[in-house]
Each structure stands twice: as structure tokens, then as C-alpha cells.
Amino acid sequence: MSDAPKTLPLVMDAPRGRAKPPRHLADLTLAERQDAAKAAGLQGFRAKQISVHYFERLVHDPEQMTDLPSAQRAELVSTFLPDLMTSLRTQSADAGTTVKTLWKLFDGSLVESVLMRYSDRATICISSQAGCGMACPFCATGQGGLQRNMSTAEIVHQVVVGARAMANGDVAGGPGRLSNVVFMGMGEPLANYRAVMGAVRRLTDPAPEGLGLSARHVTVSTVGLVPRIKQLADEGIPVTLALSLHAPDDELRNELVPINNRFSVAETVDAARYYFDQTGRRVSIEYAMMRDINDQAHRADLLAEVLNERGRGWVHVNLIPLNEVRGSKYTRSRDEDMDEFVRRLEAGGISTTIRDTRGDEIDAACGQLAAVEG
Ligand code: SAH
């Protein structure tokens with residue numbers, strides 16, 4: 001692996017000079033919330049009470065926060081729980097167990113999140129940026145470019161609303177618990193590193209500082225920003241890392257995942273292995289199966305080789321049947337080619353699954369989030 005420092009692409013910088021999203025308690029640690037309460041002329045312990053409402057009881061309506069004196073309630077809510085986003089539309093599929101929400105942020109930016117309930121868990125797929133600057137040609141989000149980074153609270157709030165919907169029994173199947181979070185909605189999470197790390201901490205901090213989810217139930221998915229993968233490996237929070245590889249060779253990956261022109265397949269897979277070494281967490285390799293593009297038998301063999309060169313038992317391959325995006329030349333692989341691909345990876349000793357795709361009829365599946373109104 002080369003040690004030469006590489007400049008990160010310009011698209012990783014947050015746009016400057018724009019109004020910021022409102023500050024919300026989810027942006028702050030508990031200690032910072034206590035300071036903010038005092039700065040607003042409120043008692044410090046009120047910060048903890050309101051945190052319990054937000055993260056533990058999942059209460060939305062200030063009227064239900066009866067332990068807060070009514071004279072201070074409005075002040076506390078405006079200090080800590082400003083409106084971050086408005087739901088413009090929800091759509092459901094899979095008998096009501098998949099729910100996609102279109103959100104409008106304070107400045108009009110649009111993002112989407114998707115809640116998916118399974119028999120044994122409920123997962124929310126959240127956005128970390130409005131749009132995306134990575135320009136992968138087979139992904140709908142990539143076509144519109146990057147609008148802006150989301151704040152920590154904007155990221156976290158999608159999860160809190162999902163947890164609330166599960167707790168209240170608003171999702172088919174009755175009341176339940178939101179257990180998993182995947183950063184696989186709009187945006188490249190590692191291009192918004194600070195806010196995303198803040199969100200990961202808030203999601204995994206024990207209540208009432210945060211939502212108290214298990215780090216291993218939080219998955220951060222990336223196109224492969226190599227320096228950021230290493231930084232994440234050194235954070236000491238064992239989230240699951242998913243790497244969107246999609247091709248085992250530089251020639252094809254340069255086309256499918258343009259950031260590969262900066263960080264090669266070898267450097268990217270080395271960084272993924274480093275992640276495993278530092279955290280002990282098996283890395284998930286995402287590979288969208290595109291007909292006659294990346295699904296040939298020789299590419300399956302090469303993928304197995306590229307992964308096995310770096311050891312055994314450290315990765316799992318997740319094949320995603322491509323969700324076709326309007327106006328794109330890429331189409332979904334034939335079933336027999338997917339089966340052969342799996343067979344070859346498994347023959348190479350690589351554990352492999354084909355992802356069950358949810359929500360494609362409401363454009364909620366992987367790579368279909370475009371956040372358009374109408
Ligand atoms: N930017 C991050 C997070 C988005 S995750 C990343 O790329 O990893 C979305 C996942 O869906 C990624 O693995 C992405 O490559 C994949 N994806 C994108 N477009 C898709 C499509 N049309 N069909 C299937 N998977 C797709």
C-alpha cells in the first residue's frame with residue numbers, strides 16, 4: 001500500500017457560506033447539552049430530562065413532557081428540539097413493512113430514508129448527504145450531484161423518527177423495536193465524516209445521551225475513501241463496514257465507481273482489511289450485479305482472488321441484483337449468471353449472499369433514492 005498522502009476530492013468539502021441547520025440536542029453530548037441549558041438560563045438537569053424524552057421515551061409532543069414545568073417547556077423545546085425536517089410523503093410496500101419517507105430539510109433540501117421490518121429485526125436505511133458527489137453511473141442518487149452535507153442531528157433524527165414509528169406500532173406488524181441502522185441511503189457517509197461520526201456516537205451512546213443501539217448493528221457503507229476508512233478503523237467503535245466494490249479490477253471499477261481513479265482496488269481492499277484487523281468486524285463487500293458488465297465468471301474468480309490474497313474469513317460478499325435506474329444503460333444480471341457468480345465465490349471459500357431487495361416498486365431500493373417531489 002502506498003503511503004503517499006493523497007488529496008481528497010473537492011466534493012468532500014462541505015459547501016461553505018450557507019445557513020446551517022438548526023442546532024438540536026442530537027448534535028451535542030450530554031455535557032454540552034447541560035452547558036447549553038445553562039447558557040439559555042435554564043437549569044442543567046433539564047437537559048437530561050429532555051434527552052430522556054427524545055432518546056428514551058421517543059416522545060414527540062411537548063404536552064407529554066409533563067415533568068418539565070409548563071412555563072419552561074416552550075423555551076426548552078425551542079432550545080433543544082427545533083424542527084429539523086418535515087415529512088413530505090411516505091410510501092409503503094411489502095404489505096406495509098417497507099416504508100419510505102421523503103424529507104424536506106430546513107433549507108428545502110430533500111432526502112429520503114427507508115424503514116424495513118423483517119421477522120427478527122427492523123432496519124432503517126438513512127441518508128447522510130442531500131445528493132451525492134460520487135457520481136457512480138448506475139446509482140440514481142449520483143446523477144443529481146451533491147447539494148450539501150447533513151448535520152449530525154439531521155442524520156440522527158431520521159433514526160429517532162423510525163424508532164418512534166416502530167414503538168408506536170405505526171409499521172405493519174404491531175409495536176416493535178428499531179434495531180439496525182444502515183448508512184446506505186443518499187450520500188457518501190465518509191465524505192461527511194465529522195457529522196456521520198457524531199451520528200454514530202449518538203446512535204450508540206447509552207440513553208439518554210443517545211439511542212443506545214449496538215455498534216455492530218450500525219453499518220457504514222462507503223465507495224472506498226481510503227484515508228477515511230483507516231480513520232474509522234482507529235475510532236474504537238466497532239460498527240460494521242460495507243465497501244461498495246462492484247468490480248475486482250481497476251479498469252472496470254474506474255468506470256463504475258469513479259473514486260477508484262484516486263484510490264485503486266488494491267489500496268481500497270487493503271484499507272478494508274485494515275478495518276478488519278483493527279476492529280475484528282467482518283467487512284461486507286457490496287457488489288451490484290450488472291448484466292454483462294461485472295457479472296462474468298472470470299470476474300467472480302478475480303474477486304475471490306483479490307479478497308483471498310488478504311486472508312481468509314475476513315469478508316462477506318453481498319451481491320445486490322441491480323435495481324434499474326431510469327436513463328441508465330446498466331441492467332440487472334440474469335439469474336443463472338448470479339448463481340454461477342455465487343458458486344465461484346463459494347468455491348473460493350468466500351461466504352456470499354444475494355441481497356433480498358426491498359421496496360423497488362416505490363423506488364426505495366438500493367441506488368434508487370433520488371428524492372424528487374411529485
Ligand atoms: N455512498 C455509499 C452509501 C450508499 S449505499 C456507498 O456507495 O456505499 C447504497 C448501496 O447501494 C451501495 O452499495 C451502492 O453501490 C448500491 N447501489 C447503488 N445503486 C444501485 C443500484 N442501481 N442497484 C443496486 N445497488 C445499488
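A backbone N or O atom of Cys366 lies 3.4 Å from a nitrogen atom of the ligand, a polar contact (a pair of N or O atoms within 3.5 Å). The model is predicted: local features need pLDDT of at least 70, side-chain atom pairs count only at pLDDT 80 or more, and totals for chains, interfaces and linings use all residues. Residues are numbered from 1 along each chain as its sequence is written, and side-chain values use heavy atoms, without hydrogens or water.

Gly187 also contributes a backbone N or O atom, 3.0 Å from a nitrogen atom of the ligand. In Glu188, a side-chain N or O atom is 3.1 Å from a ligand nitrogen. The protein covers 95% of the 530 Å² of accessible area that the ligand has on its own (Shrake-Rupley method, 1.4 Å probe). The ligand is surrounded by 21 residues, each with a heavy atom within 4 Å of it. The closest are Phe138, Ser221, Ser244, His246 and Asn323.

An open sheet of 10 strands runs in the order β1-β2-β3-β4-β7-β8-β9-β10-β11-β12, with mixed pairing. Strands are DSSP runs of E, at least two residues; helices are runs of H or I, at least four; both are numbered from the N terminus. Two strands pair if DSSP finds at least two bridges between them. β1 (85-93) and β12 (351-354) stand at the edges with a single partner strand each, so one side of each lacks a neighbour in the sheet.

Strands β10 (residues 283-289) and β11 (residues 315-321) pair in the parallel sense over 7 bridges. Here Val283 stands opposite Val315 in β11.

Technical notes: A polar contact is a pair of N or O atoms within 3.5 Å; within protein, one must be able to donate a hydrogen and the other to accept it, and residues adjacent in sequence count only if both atoms are side-chain atoms.
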